[in-house]
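My notebook is open, and I want to look up how some side chains sit against each other. I'll jot each thing down as I go.

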Amino acid sequence: MGIELDTILLFGLFIVLMAAGLPLVFALGAAAVIGTYFLWGPAALHLAAIRAYSAANSFVLLAIPLFIFMGCMLERSGIAQGLYALMHKWLGGVRGGLAVGTLVVCAIFAAMVGVSGAATVTMALVAMPPMLRYGYSKYLTVGTIAAGGALGVLIPPSVLFIVLGLYTNTSVGRLFMGGMPAGLLLVSLFVLYALVICRLKPELGPTVPAAERASWREKIIALKAVALPLLLVVLVLGSLLGGLATPSEAAGVGALGALLCAWAAGGLDRVSVMDAAERTLRLSAMVMWIVFAASMFTALYTAIGAEGLVRDALSAMPGGRWGIIVGMQLVWLVMGCFLDPLGIMIITAPLFFPIATRLGFDPVWFGVLFVVNMEMAFLTPPFGFNLFYMRSVVPKDISMGDIYLAVLPFIALQATGLVIMMIFPEIILFLPRLVLG
């Protein structure tokens with residue numbers, strides 16, 4: 001069979017299994033095993049096991065459960081509530097100030113958690129009730145929280161960056177450094193949008209009534225809420241940027257730091273630790289199984305000549321090498337509307353990254369562009385993960401259609417940020433080159 005027919009059969013089987021209701025991991029793994037069996041016979045099945053073992057034996061994967069545990073402990077410690085109270089007191093008197101405060105807290109929380117779902121649900125529970133109570137538009141409220149929560153996949157420490165580095169042989173430390181300014185750019189665009197739209201239409205984000213605004217003394221006292229989170233971020237990211245620790249070692253520092261932060265905030269007890277450990281086990285197992293299944297799938301597809309097929313298809317794009325890069329972004333955008341970001345990454349990264357590198361593009365820059373696309377995937381209808389996270393916590397009078405409409409301006413802002421990073425690659429590459437050369 002030719003590579004074209006193999007592609008149709010392999011992905012057709014994967015889609016059929018997904019449509020039959022199988023989870024991503026089982027659909028991907030079953031397609032890999034069945035494809036291996038029919039292409040090379042039963043004697044080749046041991047290759048699938050070898051590939052899975054090779055993926056499991058990577059030291060960098062140790063960072064995933066440690067960062068997830070760090071996020072779960074911080075979520076249970078009450079730090080998010082303290083941060084939001086700080087922003088409420090300092091920005092409540094500004095039009096759109098609560099929306100801006102929510103975005104800033106989401107960015108700080110993303111730098112501590114690394115998982116989008118935890119940040120989104122936590123901020124929805126903390127920020128949504130006061131925003132709606134003070135008369136904020138439901139669209140601005142929902143869109144702000146959903147977009148801010150999605151920053152967890154871009155601002156380090158990000159689990160997605162860790163797996164991406166593993167599958168593309170790219171430095172995780174450099175990806176983290178490139179993701180920081182990219183995340184700050186998107187936060188800036190979101191904040192600017194919230195301030196401008198509330199200035200043009202004050203009814204969308206009114207100020208907190210004067211009688212309920214905090215005094216300067218209360219504002220100063222509230223600053224203590226940011227001390228622990230900033231200290232933890234400095235410990236984790238500082239150890240990485242300073243070359244003192246690998247991502248896995250920095251994750252260990254973060255996990256210990258999260259326990260100490262929870263203890264200092266009065267949220268450390270047996271129940272919270274057990275709950276965080278159980279959630280870490282569940283999320284880590286899900287990520288690991290996806291990694292194993294996708295490793296087998298991509299190994300099979302690469303072995304039958306996928307890279308040549310993808311290269312030939314992309315070379316037909318007009319615009320030379322930049323046309324190929326734009327074509328890849330469009331593929332990711334469409335896939336992001338329907339598939340899980342981890343699945344998209346492990347299916348496409350082994351094919352796209354070698355092509356981008358041979359075209360002369362920096363793999364760190366290209367990797368950050370990919371993660372920005374995956375951040376968009378958390379918001380793009382119909383199956384963006386954050387849309388369903390929000391649906392589980394919004395009031396009953398906010399429909400799924402309202403959530404779709406709420407995120408559209410922020411998807412446009414993410415796309416704008418993506419274009420800016422493509423035009424000015426130094427936004428991403430400046431920090432990795434400055435620190436690591």
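This is a predicted model: local features need pLDDT of at least 70, side-chain atom pairs count only at pLDDT 80 or more; totals for chains, interfaces and linings use all residues.

I started with charges over rings: R133 lies over the face of Y134, 5.2 Å from the ring centre. I also found the charged end of K219 over the ring of W216, at 4.5 Å from its centre. My rule for this: NZ of Lys or CZ of Arg has to be within 6 Å of the ring centre and within 35 degrees of the ring normal.

Residues are numbered from 1 along each chain as its sequence is written, and side-chain values use heavy atoms, with hydrogens and water left out.

Next, rings with rings. Rings of Phe, Tyr and Trp (its six-membered ring) pair if their centres lie within 6.5 Å; planes under 30 degrees apart are stacked, over 60 edge-to-face, and the rest tilted. How many aromatic pairs does this rule give? I get twelve. In one of them, F161 and F176 have ring centres 6.2 Å apart and planes at 70°, so I wrote down edge-to-face. F161 is in helix α9 (residues 159-168) and F176 in helix α10 (residues 172-200), so this pair ties together parts 15 residues apart in sequence. For helices I use DSSP runs (H or I, at least four residues), numbered from the N terminus.

The cut-offs are under 20% relative accessible area for buried, over 50% for exposed, and partly exposed in between (1.4 Å probe, protein chains only).

F361 and W365 went down as stacked, because their ring centres are 5.3 Å apart and their planes at 20°. F361 is buried at 7%, and W365 is buried at 2%. I also noted a cluster in which ring pairs link W332, F352, F353, F366 and F370.

Back to α9, where F161 sits. Nine of its ten residues are buried, among them L160, F161 and Y167. After the helix comes N169, with a positive phi near 55°.

Last stop, salt bridges. I need a side-chain nitrogen of Lys or Arg within 4 Å of a carboxyl oxygen of Asp or Glu. The structure has four of them. D402 and K138 make one, at 3.2 Å from N to O. D402 belongs to helix α20 (residues 400-423) and K138 to helix α8 (residues 138-150), so this bridge ties together parts 264 residues apart in sequence. D402 is buried at 12%, whereas K138 is partly exposed at 29%.

R282 bridges to E278, with the closest N and O atoms 3.3 Å apart. Both are in helix α14 (residues 270-303), four residues apart, or about one turn of the helix. R282 is exposed at 59%, while E278 is partly exposed at 42%.

D362 and R433 meet at 3.8 Å, N to O. D362 is in the loop between α17 (341-358) and α18 (363-377) and R433 is in helix α21 (residues 426-436), so the pair ties together parts 71 residues apart in sequence. Shared partners join D362, E426 and R433 into one salt-bridge network.

Notes. Helices (H or I, at least four residues) and strands (E, at least two) are DSSP runs, numbered from the N terminus.
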